[in-house]
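Me: I'm new to reading protein structures. Could you walk me through one, feature by feature?

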Amino acid sequence: SLVYDEFFFLELGLAMKRRGIVLKPGIPFQVTHTYTRPLAGMLPYRLTAAQKRVLGQIKQDLMAPHPMNRLIQGDVGCGKTIVAMMTALVAIENDTQVAVVAPTEILAEQHFLLFNQWFERLGLQVVLLRGKMPAAEKRQALEAVREGRAHLVVGTHAVLQEQIEFHNLGLGIIDEQHRFGVRQRAVLHQKGNNPHILVMTATPIPRTLSMTLYGDLALSVIDEMPPGRSPVETRVIAEGRRSEAYDLMRRAFAQGQQAYLVYPLVEETENSDLLAATEGAEFLKQEIFPDISIGLLHGRITSEEKQQIMARFNDGDIDLLVSTTVIEVGIDVPNATVMVVEHAERFGLAQLHQLRGRVGRGKAGGLCVLIKSVKCSEDGDRRLAVMESTTDGFRIAEADLEIRGPGEFLGTRQSGLPDFRVANILRDSSILEAARHDAFHLINQYGDLTSPEFRLLREELRHRWGQRLELASIG
């Protein structure tokens, strides 16, 4: 009953949040196809049935008189971005602006390049907000946003800063949600008149977790890969057999294909025996692949340099991209077929799954080689064994949750949810289901629990959630 109690108050809070969203007046959109139809005509491929189904669910939400709050889940490479693009165009057709928030600068830049490539052709203006921008450039960007000339704004949480004023924000799109807390959604809500919110994640989240973490969001799953995605084979090898990885890369280069090699750290530190990316790239150039072109990407180079290197890799001028994890998400080079990860045991499962998702995007199959060091722990071995046995993102997420435990998996401190003392999401998932059902049923039946008989419930709810509920109706 203690476990039930903890889950019940968590879910009651989520049910009230969901109801708060449902009760707020939103901006009901009309679907006019002014921009969505031309974009569909320009795309070099057709949307999958899963993409169309999810778009249908989104359009229903957008036409309703209250704000959409929807999470799109889909494995690496299933085509979430194009769904986000279509959603953004519906908002723009309704004379509102769109904010796209990404967790890292490199991902924000990639979104900018991708959105801009299509939106420019539709005569729409896309603005990129970076953390470090020349003052004049920043002033122009902010002005374009404030006056409504900018249709879509892309950036990291810089987009959420106070000095950024929207002319009329109608839709917020948050990418890679597992790195964002619940609070960012609340900030976006305040930036406009209850804008619609769309959250995208490529980290599949086990169902028990999405019930706790995103209980206030409606869920859509894109469970189908676009045609042309090839399966990726995964091999784990010990560092003593590293030369086998080099041979596999050589074979790919001989066929005109490209490869990635990823290191966990940028520079050598005293207490670390890691091959740093910079030294590694130098060694590969001198000793292993003197005859191929090697590019180096890490967190310390400027965003202009990053863009140039990525563009050269995209165009095939660079055969091997040596990198730290900045390439974890959002990079799409169909000709890259081999992904080699050094010290693979130092990466989390979700990260490894993301990295593997960078290959197998073209007609040739993909190969992911995970090199483990001598000091690999038992947990490290378990993670690598999971990677070898499956490419199913949901199975990987379940295993990740079992190995790391819910607290670390979520980074609970930043997720904005009450902490559990006795309950365990994994062990007690059936109790969680029951508590969720009861909590949502109660709210659906009695609304905001304002009548006197619910006074104790309200007090307990306020005690457990503190300021995090942000709902006047609990008063």
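Me: Which helix does Lys80 lie in?
Reply: Helices here are DSSP runs of H or I with at least four residues, strands are E runs of at least two, and both are numbered from the N terminus. Lys80 sits in helix α4, residues 80-93. Keep in mind that this is a predicted model, where local features need pLDDT of at least 70, side-chain atom pairs count only at pLDDT 80 or more, and totals for chains, interfaces and linings use all residues. Residues are numbered from 1 along each chain as its sequence is written, and side-chain values use heavy atoms, with hydrogens and water left out.

Me: Is Lys80 buried or exposed?
Reply: Buried means under 20% relative accessible area, exposed means over 50%, and partly exposed is in between (1.4 Å probe, protein chains only). Lys80 has a relative accessible area of 9%, so it is buried.

Me: What is Lys80 in contact with?
Reply: Contact means heavy atoms within 4.5 Å. Setting aside neighbours within four places in sequence, Lys80 is in contact with Ile72, Gly74, Asp75, Met200, Thr201, Ala202 and Ile222.

Me: How do I read two helices packing, say α1 and α18?
Reply: Helix α1 (residues 2-23) and helix α18 (residues 455-465) pack at about 90 degrees, with axes 10 Å apart. Angles under 35 degrees count as roughly parallel, over 145 as roughly antiparallel, 65 to 115 as roughly perpendicular and the rest as oblique. That is why α1 is called roughly perpendicular to α18. Among the residues making the contact are Phe8, Phe9 and Leu12 of α1, and Leu457 and Trp465 of α18.

Me: What about α13 and α14?
Reply: The axes of α13 (residues 378-389) and α14 (residues 393-404) come within 10 Å and cross at roughly 170 degrees. So α13 is roughly antiparallel to α14. Val386 and Met387 of α13 and Ile396 and Ala399 of α14 are among the contact residues.

Me: Which residues touch the most other members of the largest nonpolar core?
Reply: A nonpolar core is a set of buried Ala, Val, Leu, Ile, Met, Phe, Trp, Tyr and Cys residues joined through side-chain atoms within 4.5 Å. The largest one has 49 residues, and Phe8, Leu12, Leu129, Phe166, Leu188 and Leu457 touch the most other members. Helix α1 gives the largest share of this core, nine residues.

Me: What is the strand order in the open sheet of six strands?
Reply: Strands of a sheet pair through backbone hydrogen bonds, either parallel or antiparallel. Two strands count as paired if DSSP finds at least two bridges between them. Here the order is β8-β13-β12-β9-β11-β10, with parallel pairing. Strands β8 (232-238) and β10 (294-297) each have a single partner strand, so one side of each is left without a neighbour in the sheet. The twist averages 15 degrees from one strand to the next.

Me: How many bridges join β9 to β12?
Reply: Five bridges join β9 (residues 258-262) to β12 (residues 336-341). Tyr260 has Met339 as its bridge partner in β12.

Technical notes. Axes fitted to C-alpha atoms, helices over the stretch in contact; angles between N-to-C directions.
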